[in-house]
Amino acid sequence: MKNRLGGEKSPYLLQHRNNPVDWQPWDEAAFAESRRRDVPVFLSIGYSTCHWCHVMERESFESDALAAVLNQYFVAIKVDREERPDIDALYMEATQAMTGHGGWPMSVWLTPDRKPFFCGTYFPRDRFAALLQRIAEIWREDRAEILTQGEALMQAMSRAALKPGVGALDDEIFLALARQWSERFDPVHGGFRGAPKFPQAADLRALLRLHRRSGAAQPLTMVCSTLDAMARGGIYDHLGGGFARYSVDAEWLVPHFEKMLYDQASLALAYLEGWQVTSRPDYALVVRETLDYVLRDMTDARGAFYSAEDADSEGEEGKFYVWTAAELKALLGPDYQEFAAAYGVSTAGNFEHGTTILTLQPGYSRHERSASVRDSLARALEWRSRRVRPHLDDKVLTDWNGLMIGALARASWVLNEPRYLQAAQRAASFLLETLRTADGKLLHRWRDGEARIAAFVDDYAFLIQALIDLYEADFDPRWLQAATTLQATQDSTLFDSTRNDYRFSDGSDALVPLTRFESYDGVVPAGRSVSALNLQRLAALTGDDSLLQRAEALLAATPRSIHGAPTAFSQLLHALDYRLDRAKSVVIAGQLSDPATEQLVAAVRRGFQPNVTLAAGPDGSRVPWLADQPAATSAATAFVCEHGTCLAPTANPETAHDQAASFNPIAWTP
């Protein structure tokens, strides 16, 4: 070990422990050295499965000459963006404000009091070397300019955080989302036009909600076109299941090959809801293959889920995933021709060096494969498993695990797959037992036996969502109790009553110079967006109206920019849909093993009913908001209630389904 990173747990920091750069972790000792030596800080932020982070390491951070310059004129700090999303988000905002774009590796130069004065992302070696010399020179000779720039940027970021709330929101925002999608939609390949193409699972799910309440074909057409194109393209792993992070082209053909846990969870839910709406078996198969990939390749022995798999293996991006025609001919023999026709294999290839990224070709079905193709897929997967695998980031993150637990819990009853429920239960138990402090607060990261880092709002929100999903999957009251307890902890720890919003972090790290409020949904949703729905669901399940009031305040505090950029709030629209629809609270009183109870549960779940909360069990009739209702008979009975008003109890499954499925329509105006 050549620097201070050797004692860390982060796989990303450990990748750099033998660099000649005198890296330090983010802590007071590093900034104290910066003040003592009177030099600026070079802050490098990335993650262990980041391709361009590897490139910059090879080109610059492994260079003795460049390391000497860094060590002489700067204090160099490494941060894993996945371990410390608070630090990453703060300096990403500064980078985007200064350069107009962002990405990783992120390269930020700071004053000793942590104010950014120059920002960028990946720098080629020659430019990076010149930049280090120039910044060191300016620090020595014109420091006042740097200090002024850093102070001005921080003040601008502070002012930007004070965004006025939108107030009331209505169904028009869903029509605005559809219009924005329609204007940017790629009718040939789905998604937004142009490249790169990122999966936008929350957008697709919001459009499905619009389709449900409007009956309009256009939202569903855009969703299905996108789901179809992604599942046929190279962004999807046709052998092992699961999705890469994004496509570098406009056709979903060439992926950036890294696989992130959060993408598997969010896309599994998008295809699952697509299946609920359309009953298309190929969508259900994508869900199964994606979740099976996670359970096979990204699951810890204790049941928790790993964070990511790298794009690179043996120093080459995508090497693990691509094939030459010769290799497949030798492996598959007489079955090669049909397999090649089905998955676009050719001698010329469609990727670098004559290799092929497998893509499902027109005319070939995912769920109706011939025996030859099924056998070829199995043989190719087995052969690929012998290759050198990409690096696995095996840290366990509470927030991303919450997303995956929720996806598994939902899929378990939609697809009638008990092993998904068992996996979700096991992972949730691990998090609740291992990633909590003695006073019940959550922790963000576990790896190699160590749970550490105070939880962020995403950790609470995503795990609470998962626990509600688990309760609605198996009706075990311990999950609902845990969700209620964690919601109270989130509120007491992170809610800011002056803004009616959640702080991203609890402020326990005094080195982070600004308190942030994350409003926008990206590929990972904002914690406040998920919380806005959690609060409503918990209010429906517990009868606690204070939770509903908090959800109302949170929605009203949404920035006004939602009107002009609804795709930046797509996860929040799920919560808004619940608020504006005739959301139903359903309790089924009866023994869970009673076939009559099972029939009522199945009837209420049938179809796509995103705004129904469901409780069941022998004590279901003692739910607080049912106290004034007639007592349940010995027969299984469904109580369907809406905004505190309950319909007549019923033991008829079809009646229960019809009561639960009613909705507030949206007038479609394309």
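Predicted model: local features only at pLDDT ≥ 70, side-chain atom pairs only at ≥ 80, totals over all residues.
Local features require pLDDT of at least 70 and side-chain atom pairs count only at pLDDT 80 or more, whereas totals for chains, interfaces and linings use all residues. Residues are numbered from 1 along each chain as its sequence is written, and side-chain values use heavy atoms, with hydrogens and water left out.

The chain contains 24 helices and 21 strands; these are DSSP runs numbered from the N terminus, helices being H or I of at least four residues and strands E of at least two. Along the principal axes, the C-alpha atoms fill a box of roughly 80 × 70 × 50 Å. The radius of gyration is 26 Å, in agreement with the value near 26 Å for a compact globule of 670 residues. This quantity is taken over C-alpha atoms, and the globule rule is 2.2 Å times the number of residues to the power 0.38.

Of the 670 residues, 59% are buried. Buried denotes under 20% relative accessible area, exposed over 50%, and partly exposed the range in between (1.4 Å probe, protein chains only). Among contacts (heavy atoms within 4.5 Å) between residues at least 6 apart in sequence, 70% join residues at least 24 apart.

Charge is the next topic. The chain carries 68 positive and 87 negative side chains, and the centres of the two sets lie 1 Å apart. Lys and Arg count as positive and Asp and Glu as negative, without His and the chain ends; each charge is placed at NZ of Lys, CZ of Arg, CG of Asp or CD of Glu.

The model has 55 salt bridges, each defined by a side-chain nitrogen of Lys or Arg within 4 Å of a carboxyl oxygen of Asp or Glu. One of them joins R389 and D297 at 3.5 Å, N to O. R389 lies in the loop between α15 (371-384) and β12 (392-393) and D297 in helix α12 (residues 281-297), so this pair ties together parts that are 92 residues apart in sequence. R389 is partly exposed at 33% relative accessible area, while D297 is buried at 19%.

A second salt bridge links R445 with E450 at 3.0 Å, N to O. Here R445 is buried at 1% relative accessibility, and E450 is partly exposed at 27%. In the salt bridge of R478 with D476, the closest N and O atoms are 3.1 Å apart; R478 is partly exposed at 44%, as is D476 at 25%. D80, E82, D393 and K395 are linked in a network of salt bridges.
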